[in-house]
Amino acid sequence: VGLRYTKTDTTSRAYAVPLLAITINPNDTSNAIPTYGSLSPVSAQGSYSNWLPSANFKWSLRDDLILRAAVSKTVTRPDLSNLSAATSYNFRPATQGVTQGNTGLKPYTSKNYDLGLEWYLSDTSYLALGGFEKKVSNFTTLVTTKTNILGFPFDLTRPINLNTATIKGVEAAATYQLTWLPDPFDGLGVAANYTHVISNATANSGDVSTTGKFAVPGIGDSANASIYYEKGPFQVRVAYNWRDAYLETISGDESQPTTVKAYGQLDMSASYKLMENVAVFVEGTNLTREKIFKYQVYMN
């Protein structure tokens, strides 16, 4: 059982030209002409602190059966691109806007709960089943609000901490070495794992109209299966790695969501230990030359 305290200070620096004045374009009264000053340094600050408790428990139900449980709170710091101190302006008619970063962003905070059961069949074989739940808050979302600059209306877009999400799932894993086979085949083994994960996300109802849609990217099932040989100085492994379709981003090109189709590839690795501190190895990635396929809205 442990407790950690973290304090973070953020300073973002940039070079920018200050906006000094805005005048109406005489040839287009719906448009404006900005007047900028000279290039000069700007900076912005932010800070936050967190208490991060954690606890891990292990209960030996039998010599070969272990129950594990864990609870913790963790943080993931904001993307650097969202902490920019710079300000950019857009003076196009009907979309007059200003975009800013936010050094006051807080990190994602996640409350994590894990429970797992492990059954050891031998020194080299086991079965495992686990479940997890993560309650994540302070997701960063771009929010657009109305503002006034030098007497002119603007749409101000900046990142804020807004959304929450719950991510949960189950995972199963197995490793079995064929030690009952005669030498030298007793070094053969198989391994496999599968993870099923789901999520839901919510936004503050008072801000939904100004935030657009929100979803947690990267959520999708995954699985791996491999055949290996480990005996003496030799080690060889062939593995198939698969990932189900998942949302890459909710706002990609033309502000449309981008989805990655289900994908799997075959990898291999082999090594031979020449002596105590020297080994040679070879690795191959995506031996079947699979392609990653992304699409927006429609697969075609």
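## Side-chain contacts in a predicted model

The side chain of S12 reaches the backbone nitrogen of A85 at 3.1 Å. Such a polar contact is a pair of N or O atoms within 3.5 Å; within protein, one must be able to donate a hydrogen and the other to accept it, and residues adjacent in sequence count only if both atoms are side-chain atoms. This is a predicted model: local features need pLDDT of at least 70, side-chain atom pairs count only at pLDDT 80 or more, and totals for chains, interfaces and linings use all residues. Residues are numbered from 1 along each chain as its sequence is written, and side-chain values use heavy atoms, with hydrogens and water left out.

**Around S12**

S12 belongs to strand 1, residues 2-16. Helices (H or I, at least four residues) and strands (E, at least two) are DSSP runs, numbered from the N terminus. S12 is buried, at 10% relative accessibility. Buried means under 20% relative accessible area, exposed over 50%, and partly exposed in between (1.4 Å probe, protein chains only). S12 is in contact with V42, S43, A44, L83, S84, A85 and T103, leaving aside neighbours within four places in sequence. Contact means heavy atoms within 4.5 Å.

**The nonpolar cores**

A nonpolar core is a set of buried Ala, Val, Leu, Ile, Met, Phe, Trp, Tyr and Cys residues joined through side-chain atoms within 4.5 Å. The largest one has nine residues: L19, I22, A32, F91, V98, I149, F152, F154 and L156. Two elements give two or more residues to this core: strand 2 (19-25) and strand 10 (152-177). Strand 10 supplies the largest share, three residues. A second, separate core has seven residues, including F139, A165, I167 and V197.

What does F91 touch, not counting residues up to four places away in sequence? The list is L19, I22, N31, A32, P34, Y36, Q96 and F154. F91 and F154 are both members of the largest core.

**Aromatic rings**

A pair of aromatic rings is described by the distance of the centres and the angle of the planes. Rings of Phe, Tyr and Trp (its six-membered ring) pair if their centres lie within 6.5 Å; planes under 30 degrees apart count as stacked, over 60 as edge-to-face and the rest as tilted. The structure holds nine aromatic pairs. One of them joins Y89 and F154 edge-to-face, 6.3 Å centre to centre, with 75° between the planes. Y89 lies in strand 6 (residues 87-90) and F154 in strand 10, so this pair ties together parts that are 65 residues apart in sequence. Y89 is partly exposed, with a relative accessible area of 27%. F154 is buried, at 2%.

F293 and Y295 form a tilted pair: 6.3 Å centre to centre, 35° between the planes. F293 is partly exposed at 38% relative accessibility, whereas Y295 is buried at 16%.

Which residues form one aromatic cluster? They are Y36, Y89, F91 and F154.

**Charges over rings**

A charge sits over a ring if NZ of Lys or CZ of Arg is within 6 Å of the ring centre and within 35 degrees of the ring normal. R243 lies over the face of Y246, 3.7 Å from the ring centre. The charged end of K261 sits over the ring of F293, 5.2 Å from its centre. F293 also pairs with Y295.

**Salt bridges**

A salt bridge is a side-chain nitrogen of Lys or Arg within 4 Å of a carboxyl oxygen of Asp or Glu. How many does the structure hold? There are nine salt bridges. Among them are these:

| Salt bridge | Closest N and O atoms |
|---|---|
| R68 and E118 | 2.8 Å |
| K135 and E133 | 3.8 Å |
| E230 and R237 | 3.3 Å |

R68 lies in strand 5 (residues 65-76) and E118 in strand 8 (residues 108-120), so their bridge ties together parts that are 50 residues apart in sequence. R68 is partly exposed at 33% relative accessibility. E118 is buried at 16%.

K135 is partly exposed, with a relative accessible area of 40%. E133 is partly exposed at 23%. In the remaining table row, E230 is partly exposed at 32%, and R237 is partly exposed at 28%.

Salt bridges also link D183, D186 and K231 in a network.
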